[in-house]
Amino acid sequence: MKKIKFYIFLIFAFNIICAHANSGNDYLIYVSSSFDKHPTYLKSYSIGYWIPQASILKNSSKSVFTSSASCEKDHYGRLILSLEPHLFYNPLMKILYGGISTKVYGYNGKIITTIKSEDEVPGYLTILHEKLIDQLYKKILTKLQNQISSNEAVNLYLTQKNGPIEGTFCLMLN
């Protein structure tokens, strides 16, 4: 009986240690897979491209939000960022316009705030369109990071010392 109690204690202690080890992330990033299943069509003069936005945005967000993880089971963070991308290309001006609408979720599952960031990048839309879109997303995400750090509602939430959020919350967002 003592061995069973000891093993239960070890399993419990291991789970607590793992939860605190994974909670070092500031953000859990969620981008709906529907942006890959239903790509956006951008037209450049006579050629058009179907753009799966979710995969490009996930890769861009990893490089901008260095202290973040994808919103999945067994990942922990202080805030959840639900990103919703929008793209538009003007072939006459050769400018790619983009915006990201972000919902910031807290520990209790309520939306703390919604932030919209927009920007533009000049360039040709070619077969290597991922580079241009990645450049735009990084520019927008950097702007978004500054908006989050200066947002009063987010700062008020972070001063309340809430526990980390587990990534299974994002299953609800699908």
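Predicted model: local features only at pLDDT ≥ 70, side-chain atom pairs only at ≥ 80, totals over all residues.
Residues are numbered from 1 along each chain as its sequence is written, and side-chain values use heavy atoms, with hydrogens and water left out.

Let's begin with the fold. The protein chain has five helices and eight strands; these are DSSP runs numbered from the N terminus, with helices being H or I of at least four residues and strands E of at least two. In sequence order the pattern reads α-β-α-β-β-α-β-β-β-β-α-α-β. Of the 174 residues, 39% are buried, meaning under 20% relative accessible area with a 1.4 Å probe, protein chains only (exposed is over 50%, partly exposed in between). Among contacts with a separation of 6 or more, 66% come from residues 24 or more positions apart, where contact means heavy atoms within 4.5 Å.

Now look at β1. Six of its seven residues are buried, so β1 is largely enclosed by the rest of the structure. It pairs in the parallel sense with β5, residues 76–90, over six bridges, and pairing requires at least two DSSP bridges between the strands. Within that pair, Y27 stands opposite L79. β1 also pairs with β4, again in the parallel sense, over three bridges, and there I29 stands opposite S70.

Which residues are closest to the centre of the largest pocket? First, its volume is about 350 Å³. On a 1 Å grid over the protein atoms alone, a pocket is an open set of points where a 1.4 Å probe fits, with protein on both sides within 12 Å along at least five of seven lines, and lining residues have an atom within 4 Å of a point. The volume is the space filled by probe spheres set on points joined across faces, edges and corners. Of the 21 lining residues, I29, K58, S70, C71 and E72 are closest to the centre. β1, α3 and β4 each give two or more residues to the lining.

Finally, D119 sits in strand β7, residues 111–122. D119 is buried, at 17% relative accessible area. Leaving aside residues up to four places away in sequence, D119 touches L96, Y97, G98, L136, K139, I140 and K143. The side chains of D119 and K143 are joined by a polar contact of 3.4 Å; that term covers N or O pairs within 3.5 Å, and within protein one atom must be able to donate a hydrogen and the other to accept it, with residues adjacent in sequence counting only if both atoms are side-chain atoms.
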